[in-house]
Amino acid sequence: MKKHTKVYLDFFYYGIDDFIPCELCGSKSCDIHHLTKQSKFGKKKEKDYIENIIAVCRDCHNKCEHDNLFNCYARIKHLELVCSQIFAMINLKKKLKNYED
């Protein structure tokens with residue numbers, strides 16, 4: 001498994017056999033797309049940060065690759081999802097802490 005795929009699956013708590021929706025259209029995703037091209041990073045690990053990788057179907061992946069405006073839209077939608085996931089994790093930790101007290 002490629003590193004960026006593992007980063008994505010781990011962050012969103014997906015298993016390898018789970019249905020992973022395209023973040024842009026909701027159909028089944030088949031690719032983990034780097035929003036900023038990997039070549040811009042060289043060998044730096046930042047290319048695989050969750051902020052830079054998005055699950056997309058083939059059609060949306062092609063649009064991201066060939067349309068800069070659509071890729072910007074994809075980045076915004078993805079960051080909204082990342083923020084909501086982080087917010088959910090913070091809330092869960094608060095609830096668990098209250099339960100323990």
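Is Tyr 14 buried, partly exposed or exposed? Tyr 14 is partly exposed, with a relative accessible area of 26%. Here buried means under 20% relative accessible area, exposed means over 50%, and partly exposed lies in between, with a 1.4 Å probe and protein chains only.

1. Basis of the model. This is a predicted model, in which local features need pLDDT of at least 70 and side-chain atom pairs count only at pLDDT 80 or more, while totals for chains, interfaces and linings use all residues. Residues are numbered from 1 along each chain as its sequence is written, and side-chain values use heavy atoms, with hydrogens and water left out.

2. Overall fold. The protein has 3 helices and 2 strands, in the order α-β-β-α-α along the sequence. Helices (H or I, at least four residues) and strands (E, at least two) are DSSP runs, numbered from the N terminus. The C-alpha trace spans about 50 × 30 × 25 Å along its principal axes.

3. Burial and surface. The protein has 101 residues, and 34% of them count as buried. Its accessible surface comes to about 7200 Å², and carbon and sulfur atoms hold 57% of that. These areas come from the Shrake-Rupley method with a 1.4 Å probe; for residues, only the protein chains shown count as cover.

4. Contacts along the chain. A contact means heavy atoms within 4.5 Å. Of the contacts with a separation of 6 or more, 61% join residues 24 or more positions apart.

5. Charge. There are 18 positive and 14 negative side chains, and the centres of the two sets lie 5 Å apart. Lys and Arg count as positive and Asp and Glu as negative; His and the chain ends are not counted. The place of a charge is taken as NZ of Lys, CZ of Arg, CG of Asp or CD of Glu.

6. Aromatic pairs. The whole structure holds 5 aromatic pairs. One of them joins Tyr 8 and Tyr 14: the ring centres are 6.4 Å apart and the planes stand at 10 degrees, so this pair is stacked. Phe 11 and Phe 12 make an edge-to-face pair, with 4.9 Å from centre to centre and 85 degrees between the planes. The rule is that rings of Phe, Tyr and Trp (its six-membered ring) pair if their centres lie within 6.5 Å; planes under 30 degrees apart count as stacked, over 60 as edge-to-face and the rest as tilted.

7. The aromatic cluster. Tyr 8, Phe 11, Phe 12 and Tyr 14 belong to one aromatic cluster. Tyr 8 is buried at a relative accessible area of 1%. Phe 11 is buried at 17%, and Phe 12 is buried at 10%.

8. Helix α1. The buried residues of α1 are His 4, Tyr 8, Leu 9 and Phe 11. They pack against β1, β2 and α3.

9. The loop between α1 and β1. Tyr 13 is found in this loop. Just after α1, Tyr 13 takes a positive phi of about 60 degrees, and Tyr 13 is not a glycine. Most residues other than glycine have a negative phi. Tyr 13 counts as exposed, at 60% relative accessibility. Phe 19 is found in the loop between α1 and β1 as well. Not counting residues up to four places away in sequence, Phe 19 touches Tyr 14, Gly 26, Ser 27 and Lys 28.

10. Helix α3. This helix has 33 residues and reaches 48 Å from its first C-alpha to its last, close to the 48 Å expected at 1.5 Å a residue. The expected span is 1.5 Å times one less than the number of residues. The buried residues of α3 are Phe 70, Asn 71, Ala 74, His 78, Val 82 and Gln 85. They pack against α1 (3-11), β1 (31-34), β2 (53-56) and α2 (58-66).

11. Asn 71 lies in α3 (residues 68-100) and is buried at a relative accessible area of 12%. Leaving aside neighbours within four places in sequence, Asn 71 is in contact with His 33, Leu 35 and Cys 64. Val 82 also lies in α3 and is buried at 4%. With neighbours within four places in sequence left aside, Val 82 is in contact with Phe 11, Phe 12 and Ile 50. Val 82 and Ile 50 are 32 residues apart in sequence and 7.8 Å apart in space, C-alpha to C-alpha.
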